[in-house]
Amino acid sequence: MITHWCPSSILAKDEKPKKFCLIVLNQPINHVDAFHRLWTNASLKFVADGGSNRLYDVFKHDQQLLSQGDLDSIRPEVRAYYESKNVKITKINDQDSTDFMKCVALLKEKEKESGQTVFATPALGGRFDQTIASINLLYMLKNEIERRVILVSDENLTMLLDKGAHQIHCQLDLEGPTCGIMPIGFPAIISTKGLKWNLDNVKCEFGGMVSTSNHVDDELVEIVTDSPIIWTIEINLKQ
């Protein structure tokens with residue numbers, strides 16, 4: 001049984017956060033207060049190429065920046081600004097990996113403790129192929145059982161649950177009620193407890209049944225699956 005603490009707790013104003021790494025992706029930063037709490041509390045911070053522009057436009061006064069990518073999207077004035085502040089900018093010429101993947105690779109080199117939780121934001125918006133690439137990275141990292149990678153979008157937290165049994169502790173004033181279970185890439189036999197519409201050994205797959213627009217009905221959600229699945233839950237960023 002794998003137990004998952006409430007990841008949205010780091011967005012709460014008075015919550016003492018666990019150690020985590022923040023990766024800033026190339027999407028608009030819409031919820032500035034919530035983003036600032038993520039940025040302030042992160043133990044490591046990486047900004048993926050065009051994410052440098054997003055960060056500069058909102059928080060150009062903050063000099064704690066590592067930019068990682070092929071640097072084809074960063075604006076010249078943004079790069080010049082951070083270079084003038086002696087901020088390290090890392091260029092990697094690898095067309096077979098996304099800027100998100102490059103940031104994760106740099107994290108593995110820099111972290112003093114293995115397996116830090118990763119929050120990537122803003123995620124799951126904009127170009128559909130980039131959204132799929134971010135979800136694909138969850139699958140690529142699924143065997144790193146000591147690490148969780150959580151995609152934070154304007155409305156949802158999204159993460160991968162590998163095959164097996166999982167307990168998810170929800171903080172209902174920050175999360176839900178809407179949630180979903182996505183068997184992306186593989187069919188899955190899924191059973192759940194704690195949802196409004198529970199599944200009982202139901203086969204879920206694209207082209208068939210998927211559990212969308214479900215609701216969390218309890219602070220403890222239990223999910224058993226025989227294949228990796230994507231768990232997504234609505235979040236309240238107004239806290």
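The following legends describe close-up views of a predicted model of one protein chain.

Residues are numbered from 1 along each chain as its sequence is written. In this predicted model, local features need pLDDT of at least 70 and side-chain atom pairs count only at pLDDT 80 or more, whereas totals for chains, interfaces and linings use all residues, and side-chain values use heavy atoms, with hydrogens and water left out.

**View 1. Overall make-up of the chain.**
The chain holds five helices and 15 strands, where helices (H or I, at least four residues) and strands (E, at least two) are DSSP runs numbered from the N terminus. Of its 239 residues, 51% count as buried, a term that means under 20% relative accessible area, with exposed meaning over 50% and partly exposed in between (1.4 Å probe, protein chains only). The accessible surface of the chain comes to about 11,700 Å², and 48% of that surface belongs to carbon and sulfur atoms; these areas come from the Shrake-Rupley method with a 1.4 Å probe, and for residues only the protein chains shown count as cover. Among the contacts (heavy atoms within 4.5 Å) with a separation of 6 or more, 66% are between residues 24 or more positions apart.

**View 2. The packing of helix H4 against helix H5.**
Helix H4 (residues 99-110) and helix H5 (residues 128-140) pack at an angle of about 35 degrees, with their axes 9 Å apart; axes are lines fitted to C-alpha atoms, for helices over the stretch in contact, and angles run from 0 to 180 degrees between N-to-C directions. On the H4 side the contact is made by Phe100, Met101 and Val104, and on the H5 side by Ser134, Leu137 and Met140. These contact residues divide into five nonpolar, one polar and no charged, with Ala, Val, Leu, Ile, Met, Phe, Trp, Tyr, Cys and Pro counted as nonpolar, Asp, Glu, Lys and Arg as charged, and the others, Gly among them, as polar.

**View 3. The two helices taken one at a time.**
The buried residues of H4 are Asp99, Phe100, Lys102, Cys103, Val104, Leu106 and Leu107, while those of H5 are Thr131, Ser134, Ile135, Leu137, Leu138 and Tyr139. Apart from H4, the buried residues of H5 pack against strand E7 (149-152), strand E8 (156-161), strand E10 (175-182) and E15. At 1.5 Å a residue, the 12 residues of H4 should span 16 Å, in agreement with end C-alpha atoms that are 16 Å apart; the expected span is 1.5 Å times one less than the number of residues.

**View 4. Nonpolar cores and the surroundings of Ile181.**
A nonpolar core is a set of buried Ala, Val, Leu, Ile, Met, Phe, Trp, Tyr and Cys residues joined through side-chain atoms within 4.5 Å. The largest such core has 39 residues, of which Leu22, Ile181, Ile190, Val216, Val221, Ile223 and Trp231 touch the most other members. Strand E15 (residues 229-235) gives the largest share of this core, four residues. Not counting residues up to four places away in sequence, Ile181 touches a set of residues including Ile190, Leu195, Leu199, Val210, Ile223 and Trp231. A second, separate core of 23 residues includes Cys21, Ile23, Leu141 and Met182.

Gln27, in the loop between strand E2 (20-24) and helix H1 (32-41), counts as buried because its relative accessibility is 12%. Leaving aside neighbours within four places in sequence, Gln27 is in contact with Arg54, Pro122, Gly125, Gly126, Arg127 and Gln130. Arg54 lies in helix H2 (residues 51-59) and, at 28% relative accessibility, counts as partly exposed. The C-alpha atoms of Arg54 and Pro122 are separated by 9.8 Å, although the two are 68 residues apart along the chain. Pro122 is found in the loop between strand E6 (117-121) and H5, and a cis peptide bond with omega of about -15 degrees joins Thr121 to Pro122.

**View 5. Further backbone features.**
Most residues other than glycine have a negative phi, and most peptide bonds are trans. The bond from Gly176 to Pro177 is cis, with omega near 5 degrees, and Pro177 is found in strand E10. Asn201, in the loop between strand E11 (188-193) and strand E12 (202-204), has a positive phi near 55 degrees and counts as exposed at 55% relative accessibility. Ser213, in strand E13 (residues 211-215), has a positive phi near 55 degrees and is exposed, with a relative accessible area of 54%.
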